[in-house]
Amino acid sequence: MKMLSEKATCNSHGQDSSYFLGWQEYEKNPYDEIQNPKGIIQMGLAENQLSFDLLESWLAQNPDAAGFKCNGESIFRELALFQDYHGLPAFKNAMTKFMSEIRGNKVTFDSNKLVLTAGATSANETLMFCLADQGDAFLLPTPYYPGFDRDLKWRTGAEIVPIQCYSSNNFRITESALEEAYEEAKKRNLRVKGVLVTNPSNPLGTTLSRNELEILLNFIDVKQIHLISDEIYSGTVFNSPNFVSVMEVLIEKNYMKTEVWERVHIVYSLSKDLGLPGFRVGAIYSNDEMVVSAATKMSSFGLVSSQTQYLLSAMLSDKKFTKKYVSENQKRLKKRHAMLVKGLRNAGISCLESNAGLFCWVDMRHLLSSNTFEAEIDLWKKIVYDVGLNISPGSSCHCTEPGWFRVCFANMSEDTLNLAMRRMKTFVESTVTDTNNQSQQNHQQSNANSKKKSFSKWVFRLSFNDRQRER
């Protein structure tokens with residue numbers, strides 16, 4: 001008799017992905033400037049650690065919020081006993097206003113349509129439970145965040161069908177790619193329930209264009225399916241073009257009175273924009289009352305603590321602080337992004353042009369021994385074990401082309417990033433030298449073989465002529 005369930009013993013969690021395996025290797029040998037200077041530097045973790053000083057400064061200036069006090073009086077007991085899964089009204093109001101602020105106040109959000117979840121992971125999974133049955137499919141453009149194989153599929157039983165995107169157009173979403181993915185799902189006898197996109201993209205670090213958003217909305221309108229827009233990196237846009245939320249395009253194109261209005265859902269989180277992944281604050285925003293109702297009930301399995309809600313409602317309600325934080329954080333991200341791009345360029349490596357996120361999509365195709373995913377994994381292993389950098393191979397993101405890697409830049413100090421770039425440059429130079437030496441040896445061997453063949457032919461002709469004379 002089996003002691004555990006199929007869910008517990010199946011391998012659909014995705015833990016065997018190179019994305020997670022790289023983390024495991026880092027944890028065995030983590031870099032530390034003093035204790036382990038030759039250890040592995042973590043460049044596979046999309047964390048924003050650049051603006052903690054701003055958060056800590058606010059906490060120091062607002063001791064009541066951090067001490068769970070209101071007007072000098074403790075409200076610890078009240079918070080400790082609060083367990084309404086609808087969430088604290090003050091926090092939901094502050095959250096929706098912050099979401100509007102990040103989008104330039106071009107759209108407004110209704111707190112009654114917001115569902116709080118324990119991070120974006122919980123939000124995406126909850127939406128899968130609301131919108132899809134086991135065996136139904138969602139279409140996702142490649143490359144996509146490796147964790148989606150876990151978040152969307154593992155417990156829900158939903159399937160992912162990739163929308164194949166290519167470097168020839170900078171991995172942009174096209175009508176033909178959407179149609180091909182939809183037809184592929186039909187061939188597999190899968191019922192397509194929707195499309196899920198990340199905007200800004202993880203791992204590309206690019207924002208979706210208005211044209212792409214319009215293509216997506218038209219597609220889900222024609223197919224009568226859902227669209228989930230994961231916008232957890234919306235506050236990290238540090239360069240033009242500016243971020244455009246799907247909600248903005250919905251309004252511009254007058255979808256408010258149509259069924260499409262209720263079939264578009266937004267996922268948001270404070271993990272990236274505020275750099276608070278440990279606080280586990282996520283949200284679903286939907287215009288569909290039934291989705292909001294069902295998701296709210298399901299949120300019982302992953303609530304945000306009332307203490308966290310109280311603290312952050314005070315922080316997000318401080319408009320002077322949020323304005324300063326968003327602006328300064330974007331400046332710091334822009335500077336750090338430029339450091340990574342320059343460091344890689346000095347090593348002879350280019351990146352996809354990007355304007356958002358905590359990472360770059362890096363092109364190392366010229367360093368592959370062959371144009372295969374096996375060669376990509378071989379290169380990745382050298383970078384992890386020999387160079388001491390944990391980066392994420394494109395194959396873990398289901399990229400269609402071998403040789404692309406996601407490299408994070410916001411979870412370390414400037415000194416650590418500079419060290420990582422020196423390591424990479426040394427590796428590339430040694431790789432190029434080895435390749436040149438091998439090419440030279442191959443050329444020399446080829447010349448030697450050619451001379452040997454010529455000598456053999458000469459000996460053969462001489463021997464043949466001698467035999468002819470002997471006759």
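Trainee: What share of the residues in the chain is buried?
Mentor: Buried residues, meaning those under 20% relative accessible area with a 1.4 Å probe and protein chains only, make up 52% of the 471 residues in the chain. This is a predicted model, in which local features need pLDDT of at least 70 and side-chain atom pairs count only at pLDDT 80 or more, while totals for chains, interfaces and linings use all residues. Residues are numbered from 1 along each chain as its sequence is written, and side-chain values use heavy atoms, with hydrogens and water left out.

Trainee: And what does the accessible surface come to?
Mentor: By the Shrake-Rupley method with a 1.4 Å probe, the accessible surface of the chain is about 23,200 Å², and 50% of that belongs to carbon and sulfur atoms. The C-alpha trace spans about 115 × 55 × 55 Å along its principal axes.

Trainee: How many helices and strands are there?
Mentor: The chain has 16 helices and 15 strands, taken as DSSP runs numbered from the N terminus, with helices (H or I) of at least four residues and strands (E) of at least two.

Trainee: Which domains does the assignment give?
Mentor: It gives domain 1 (10-52 + 323-429) and domain 2 (68-318), with bounds that come from an automatic or database domain assignment. Their centres, taken over C-alpha atoms, are separated by 25 Å, and the contact between them (heavy atoms within 4.5 Å) takes 36 residues from domain 1 and 38 residues from domain 2.

Trainee: Where does UniProt place its domain feature?
Mentor: The unreviewed UniProt entry places "domain: Aminotransferase class I/classII large" at residues 41-423; such positions are in the numbering used here, feature names are shortened, and annotations may be inferred rather than shown by experiment. The end C-alpha atoms of that span lie 10 Å apart, and the span is 42% helix and 15% strand.

Trainee: Okay, the inside now: which residues have the most contacts in the largest nonpolar core?
Mentor: Those are Met95, Val195 and Leu217, in a core of 74 residues, where a nonpolar core is a set of buried Ala, Val, Leu, Ile, Met, Phe, Trp, Tyr and Cys residues joined through side-chain atoms within 4.5 Å. This core draws at least three residues from each of domain 1 and domain 2. Another core, of 68 residues, lies apart from it and includes Leu127, Ile232, Val291 and Leu333.

Trainee: What is methionine 95 in contact with?
Mentor: Leaving aside neighbours within four places in sequence, the contacts of methionine 95 are Leu114, Tyr268, Leu270, Val281, Ala283 and Leu316.

Trainee: Why is strand S10 largely enclosed?
Mentor: Strand S10 (residues 282-286) has five of its five residues buried, so the rest of the structure largely encloses it. Gly282, Ile284 and Ser286 point one way from S10, whereas Ala283 and Tyr285 point the other way.

Trainee: Which strands pair with S10?
Mentor: Two strands pair if DSSP finds at least two bridges between them, and strand S4 (residues 114-117) pairs with S10 in the antiparallel sense over four bridges, with leucine 114 as the bridge partner of tyrosine 285. Strand S9 (residues 264-269) also pairs with S10 in the antiparallel sense, over five bridges, and there serine 269 stands opposite glycine 282.

Trainee: What's the strand order in the open sheet of four strands?
Mentor: The order is S11-S12-S15-S14, with antiparallel pairing, and the edge strands, each pairing on one side only, are S11 (350-351) and S14 (392-393). Two bridges join S14 to strand S15 (residues 404-408), where serine 392 has arginine 406 as its bridge partner.

Notes:
Buried means under 20% relative accessible area, exposed over 50%, partly exposed in between (1.4 Å probe, protein chains only).
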